[in-house]
Amino acid sequence: MKKIGWRSPSNIAFVKYWGKGPGQIPCNASISMTLNAAYTDTVIELHEKHRNDIEVSYFFEGKINPDFERKILVYLEQTKDFYPVLREHALTIRSENSFPHSTGIASSASAFGALALGLLSASGYEEGDFNQRASFLARLGSGSACRSIYGGYNLWGKLDGQSNPSDEYAVPLTEIHPDFQQMNDAILIVDDTPKKVSSSAGHHLMKDHWYAKNRFAQADFHAKEMIKILKTGDFQQFSSVIEQEALALHAMMMTSAEAYMLLKPGTIRAIEEVRKLRNEYKLKICFTLDAGPNVHVIYPKDDEKQIVSYLEDHLRSQVKEIIYDSMGNGPKQLMIEDN
Ligand code: DP6
């Protein structure tokens, strides 16, 4: 039996993707940092095929998961022409996350990253554009997943004046100032109950949003700014852009026609504390938010010792948990076995 395994990390967006067209074509450019400790491992086993249609059994953390299996089947129906392995074999797919689902760490990004990489490998694809193709195919599963194919920082979405970015796949950003080459992300878990509104529903609400046009223009502007900041290493500007992006994302949710709010009182308290630590204690820290109440505190690895001790002293007692993560090097192949 042939077995192929890939590990793909999650990513945290500094400039947010919020609003999309069919096939996860984004309404604006986005930039993310690939994480290290938060990842999905996916192993694909190839078996003999008995039927003509797609034959897949899907296990999440060792158990059959009918919900996930359905979602994956929809994805595979849509992408089957890109994955010849689906015509030739029945597949058993086993996935595991390194992080609990409830923490709100973007699991669809790492899940579709690992799945696209695994299915491409299982299809025998080895060309030079393997990563670009994996990013393209991961996007068709979940938009943010296209930014989980490379380490470091990734840009996704067309942007004036930039030579190669595309709406269809992400590209790594390579000109990075030494101060931004090793960054950490401490995730303050304020609330771990499942969120009420999915990201897909949130993207959809941008369609008739009063602020959509300006929000998309702001994000493209911020993406250009962020590319410059990552080159020049200006932490103050970095904090300004990343925090505006986080709060703009939540402002869109709070002002959409079917308005909703994912922020909790604990989120606001944590944000105020992070800003206090920056302004009063002169720490190099700032925050971002995903589509959820938990606060991602971003800071340079070089200042880790000092900042972790401040976070433990000032924030630990106010939140449920702190998950310490850092910038990662991107996916890795776990195995390719043929017995
Ligand atoms: C707030 O990638 O989860 O995390 O394309 O519908 O799967 P789908 O949405 P998804 O949206 C992520 C939104 C975000 C911002 C970001 O990661 O850029």
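**A briefing on cores, a sheet and one buried glutamate**

Welcome! In this predicted model, Tyr-75, Tyr-153 and Phe-238 touch the most other members of the largest nonpolar core, which has 68 residues. A nonpolar core is a set of buried Ala, Val, Leu, Ile, Met, Phe, Trp, Tyr and Cys residues joined through side-chain atoms within 4.5 Å; buried means under 20% relative accessible area, with a 1.4 Å probe and protein chains only. Helix H3 (residues 107-122) gives this core its largest share, seven residues.

Two notes before we go on. Residues are numbered from 1 along each chain as its sequence is written, and side-chain values use heavy atoms, leaving out hydrogens and water. Because the model is predicted, local features need pLDDT of at least 70 and side-chain atom pairs count only at pLDDT 80 or more, while totals for chains, interfaces and linings use all residues.

**The cores**
- Tyr-75 is in contact (heavy atoms within 4.5 Å) with residues including Tyr-83, Phe-112, Leu-119 and Gly-141, leaving aside neighbours within four places in sequence.
- A second, separate core has 21 residues, among them Ala-186, Leu-188, Ile-285 and Val-295.

**The sheet**
- Four strands make an open, antiparallel sheet in the order E11-E12-E10-E13; two strands pair if DSSP finds at least two bridges between them.
- Strands E11 (286-289) and E13 (321-326) are at the edges with a single partner strand each, so one side of each has no neighbour in the sheet.
- Strand E10 (residues 183-189) pairs with E13 over six bridges, and Ile-189 has Glu-321 in E13 as its bridge partner.
- Helix H7 (residues 235-254) packs on the sheet, where H7 touches E10, E11 and strand E12 (295-300).
- Helix H9 (residues 304-314) also packs on the sheet, touching E10, E12 and E13.

**A closer look at Glu-273**
- Glu-273 sits in helix H8 (residues 265-279) and is buried, with a relative accessible area of 12%.
- Not counting residues up to four places away in sequence, Glu-273 touches His-314, Leu-315 and Gln-318.

**The whole protein**
- The protein has nine helices and 14 strands; these are DSSP runs numbered from the N terminus, with helices (H or I) of at least four residues and strands (E) of at least two.
- Buried residues make up 56% of the 339 residues.
- The C-alpha atoms fill a box of roughly 65 × 40 × 40 Å along the principal axes.

Definitions and conventions: Buried < 20%, exposed > 50% of the residue type's maximum accessible area, 1.4 Å probe, protein only. Axes fitted to C-alpha atoms, helices over the stretch in contact; angles between N-to-C directions.
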